[in-house]
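This briefing goes through one protein chain topic by topic. Look at the sequence and the structure first, then read the points below.

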Amino acid sequence: MAGTDRWSWRRVLGTDGPAAAICIRLSVGLVFLSEGIQKFLYPDKLGPGRFERIGIPAPTFFANLDGVVEVTCGLLIVIGLLTRFATLPLLVDIVLAIVLTKLRELRPGGFQGVEGIWGMAHDARTDVAMLLGLIYLLWAGPGRWSLDALLTRPEPPGRRRSNR
């Protein structure tokens with residue numbers, strides 16, 4: 001069937017990206033992994049305490065959820081396993097981070113002492129780089145140096161899969 005290949009695991013886990021995609025994977029994955037761990041190491045400054053200062057309801061729940069998502073998905077991206085799936089919750093995460101913290105800096109008085117377009121641009125530089133890195137990984141895939149590439153490697157001709 002023509003439509004069957006459209007949604008195959010091989011296509012979804014596809015590793016269309018070049019080997020150099022590992023650079024994007026490592027930079028994006030390691031930043032999210034580190035930030036997720038720090039939410040638990042420094043709860044007052046980066047976890048529930050920060051979420052409360054930002055005005056997020058149920059700050060403990062959402063900070064811990066965010067930390068788990070960042071650690072889990074960041075690690076998956078680093079190793080290149082289920083990469084495209086791992087980008088999706090992190091895209092939501094980074095868009096919310098930009099909306100809840102960086103866009104506030106455009107208001108008079110700014111947010112946390114930074115004000116105006118240049119202050120926001122300075123403060124959002126990592127978030128924008130992470131957003132674009134995630135979009136790249138979703139679009140191009142993890143590259144051939146990934147576990148996804150091992151899982152989707154074509155079988156050599158003449159070799160048949162066992163049904164065991």
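## Briefing on the helices and their contacts

L88 is located in helix α6. The model that contains this residue is a predicted one.

- In sequence, 50 residues separate L88 from L138, while in space their C-alpha atoms are 7.9 Å apart.

**The chain as a whole**

- Read from the N terminus, the order of elements is α-α-α-α-α-α-α-α-α.
- The chain has 164 residues, and 36% of them are buried.
- Of the contacts between residues at least 6 apart in sequence, 70% link residues at least 24 apart.

**How α6 packs on α8**

- Two packed helices are described by the angle between their axes and by the distance between those axes.
- For α6 and helix α8 (residues 125–140), the angle is about 155 degrees and the axes are 9 Å apart.
- α6 and α8 are therefore roughly antiparallel to each other, since the cut-off for that description is an angle over 145 degrees.
- These two helices, α6 and α8, cross in a left-handed way.
- On the α6 side, the residues in contact are T83, R84, T87, L88, L90, L91, I94, V95, A97, I98 and K102.
- On the α8 side, they are D127, M130, L131, L134, I135, L137, L138, W139 and A140.
- Sorted by class, the contact of α6 with α8 has 15 nonpolar, two polar and three charged residues.

**How α2 packs on α5**

- Helix α2 (residues 21–41) and helix α5 (residues 59–79) have axes 7 Å apart, at an angle of about 150 degrees.
- This angle makes α2 roughly antiparallel to α5.
- The crossing of α2 with α5 is left-handed.
- From α2, the contact involves R25, L26, V28, G29, L30, F32, L33, E35, G36, I37, K39 and F40.
- From α5, it involves A63, N64, D66, G67, V68, E70, V71, G74, L75, I77, V78 and I79.
- The residues in the contact of α2 with α5 comprise 14 nonpolar, five polar and five charged.

**How α2 packs on α8**

- α2 also packs with α8, at an angle of about 130 degrees and with the axes 10 Å apart.
- That angle makes α2 oblique to α8.
- α2 and α8 have a left-handed crossing.
- In this pair, A21, I24, R25, S27, V28, V31 and F32 of α2 meet M130, G133, L134, Y136 and L137 of α8.
- The contact of α2 with α8 is made up of nine nonpolar, two polar and one charged residues.

- G17 is in the loop between α1 (9–12) and α2.
- Is G17 buried or exposed? G17 is buried, because its relative accessible area is 7% and the cut-off for buried is under 20%.
- Leaving aside residues up to four places away in sequence, G17 touches Y136, A140, G141, G143 and R144.
- G17 and W145 are 128 residues apart in sequence, and their C-alpha atoms are 9.7 Å apart in space.

- Most residues other than glycine have a negative phi.
- A58 is not a glycine, yet its phi is positive, at about 45 degrees.
- A58 is in the loop between α4 (48–54) and α5, and it is partly exposed, with a relative accessible area of 44%.
- L82 is not a glycine either, and it has a positive phi of about 55 degrees.
- L82 is in the loop between α5 and α6 (83–102), where it counts as partly exposed at 32% relative accessibility.

**A feature from the UniProt record**

- An unreviewed UniProt entry places the feature "transmembrane region" at residues 128–147.
- In the model, the span of residues 128–147 is 70% helix and 0% strand, and its end C-alpha atoms lie 26 Å apart.

Technical notes:
Residues are numbered from 1 along each chain as its sequence is written. This is a predicted model: local features need pLDDT of at least 70, side-chain atom pairs count only at pLDDT 80 or more; totals for chains, interfaces and linings use all residues. Side-chain values use heavy atoms; hydrogens and water are left out. Axes are lines fitted to C-alpha atoms, for helices over the stretch in contact, and angles run from 0 to 180 degrees between N-to-C directions. Helices (H or I, at least four residues) and strands (E, at least two) are DSSP runs, numbered from the N terminus. Angles under 35 degrees count as roughly parallel, over 145 as roughly antiparallel, 65 to 115 as roughly perpendicular and the rest as oblique. A crossing is left-handed if the near helix is turned anticlockwise from the far one by less than a right angle, and right-handed if clockwise. Contact means heavy atoms within 4.5 Å. Ala, Val, Leu, Ile, Met, Phe, Trp, Tyr, Cys and Pro count as nonpolar, Asp, Glu, Lys and Arg as charged, and the others, Gly among them, as polar. UniProt positions are given in the numbering used here, feature names are shortened, and annotations may be inferred rather than shown by experiment. Buried means under 20% relative accessible area, exposed over 50%, partly exposed in between (1.4 Å probe, protein chains only).
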